[in-house]
Amino acid sequence: MKIFRLIFGLLLLFGGLYVLIGEHFAGTSADATVNARVTVIRAPIEGVVSLAVRSIGARVNAGELVAEVVDDRFDTARLIDLERQLDTQKIEVKRATAQKQALVQARDGFATQLGSYQKGRISQIGARLAEARAAQDASAARLREAEGSLRRANELNDRGVQTAANLERSRASSDVAQQDLESARQRSSYLETELAAARTGVFIGDSYNDAPFSSQRVRELDLRLAELEAEQTQHEARISQLDRQIGSERVRINRLTSATLTTRITGMAWDFLIDDGEYARRGQDLIRLVDCSTLIVTAGVTEALYDSLAIGYPVQFRLFGDERVFDGTVTRLGGSGAATLYANLAVGPSAEHLQRFDVTVSVPALAGQSDLTCAIGRTGRVIFSSGPIASMRRFLTRYGI
């Protein structure tokens, strides 16, 4: 009986030593932590922050509102100046329009006066032309009479009945009548030219200009109307330009006076770097969010085990207090002193971890577990090569024990 107890005790001793020594030389990590990448929400503008998510650990979905920033003290002097310029240009347009209306009315009055004057002048010149033509006909009749007297005087002179003095008087009368007829013709030609010019709006005559006062005023008003039309066009172009500038300025002010911050990831609130209602500067960190779609496992191993690993090396991961084992692969070999690698990760390394060699492991199956979708901070162990306990566990699991 004593021998049996001795043998059983030696077996237990050898079994315990086997497990202790086997686990010591087995390829397992000293510690392993479920980790994930952190996204920082920053203030795009200065202003007062209103948090929509206020509790650490609150779950957020992609596109969900997390905070708003409003700046009520933004300088709008530029917008006010542009609006003042726009009002000034609109006043100038109204002024030009009113002046145009007044000038159009005055021009219409002068144009009516010019039409009446032209009509009267045409009638007047027409009457004078008729008078000149009548005088021309009278001169022609006197010329015929003088020519008849001259013929009779020549006949009498040839017969010796008429004296030479009477013949000269007859010749002189004929010459005068001929000149009177020519003068009457020239007068009629002048009046015809004057009448034709008057019908086109040009008035020819002595002691006055070629255009009456009303015609000159119409031309002056037409020139002024053209100038006002150019000014109005310039003001309207300036109004269109100011409208575009004001629209752009309002968009800029809206962008710089209020900002709605949404998240691009699905995760949870990890840390708040500002309180609700505080004033934030542009670019200031507001909220840190954990991206639950980037779950990884960070582990520390010995140098001997680290030197035997490579990227893509298959491993297994098991959480403490959980019997489930998940397959994974090595995705990064961080080496020793890998503190900088944790700058964008949720859980930083401990002092003991930095004394070992850092290894990053991808475990895709974690995201498929409802209770582990965002189990940031859970600890466990990464198994790089199986030890006695893992072999015993697989043996028992195989037979349903």
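The structure is a predicted model, in which local features require pLDDT of at least 70 and side-chain atom pairs count only at pLDDT 80 or more, whereas totals for chains, interfaces and linings use all residues. Residues are numbered from 1 along each chain as its sequence is written, and side-chain values rest on heavy atoms, with hydrogens and water left out.

The salt-bridge partner of arginine 185 is glutamate 182, at an N to O distance of 4.0 Å; a salt bridge requires a side-chain nitrogen of Lys or Arg within 4 Å of a carboxyl oxygen of Asp or Glu. Both residues belong to helix 3 (residues 164–199), where a spacing of 3 residues corresponds to about one turn. Glutamate 182 is likewise partly exposed, at 35% relative accessibility. Helices (H or I, at least four residues) and strands (E, at least two) are DSSP runs numbered from the N terminus.

In the whole structure, 19 salt bridges were found. Glutamate 92 pairs with arginine 95, their closest N and O atoms lying 2.9 Å apart. These two residues are separated by about one helical turn because they are 3 residues apart in helix 2 (residues 77–159). Glutamate 92 is partly exposed at 23%, as is arginine 95 at 29%. A network of salt bridges links Glu92 and Arg95 with Arg224, Glu227 and Glu231.

A further salt bridge joins lysine 100 to glutamate 229, with closest N and O atoms 2.4 Å apart. This pair connects distant parts of the chain, since lysine 100 lies in helix 2 and glutamate 229 in helix 4 (residues 213–257), 129 residues apart. Glutamate 229 is partly exposed, with 38% relative accessibility.

The chain contains 7 helices and 14 strands. Of its 401 residues, 34% are buried. Contacts (heavy atoms within 4.5 Å) between residues at least 6 apart in sequence join, in 79% of cases, residues at least 24 apart.

A nonpolar core is a set of buried Ala, Val, Leu, Ile, Met, Phe, Trp, Tyr and Cys residues joined through side-chain atoms within 4.5 Å. The largest such core comprises 31 residues, and Phe317, Leu366, Val382 and Phe384 have the most contacts inside it. Two or more residues each are given to this core by strand 1 (31–35), strand 10, helix 5 (303–307), strand 11 (314–319), strand 12 (325–336) and strand 13. Beyond its neighbours within four places in sequence, phenylalanine 317 contacts residues including Ala32, Val34, Val297, Phe326, Leu366 and Val382. A separate core of 21 residues includes Ala43, Val53, Phe272 and Ile287.

One disulfide, 1 by count, was identified under the criterion of a pair of cysteine sulfur atoms within 2.5 Å. Cysteine 292 and cysteine 374 form this link, with an S to S distance of 1.8 Å; the angle of -65° about the S-S bond makes the link left-handed. Cysteine 292 is buried at 12% relative accessibility, and cysteine 374 is buried at 7%.

Methods:
Buried < 20%, exposed > 50% of the residue type's maximum accessible area, 1.4 Å probe, protein only.
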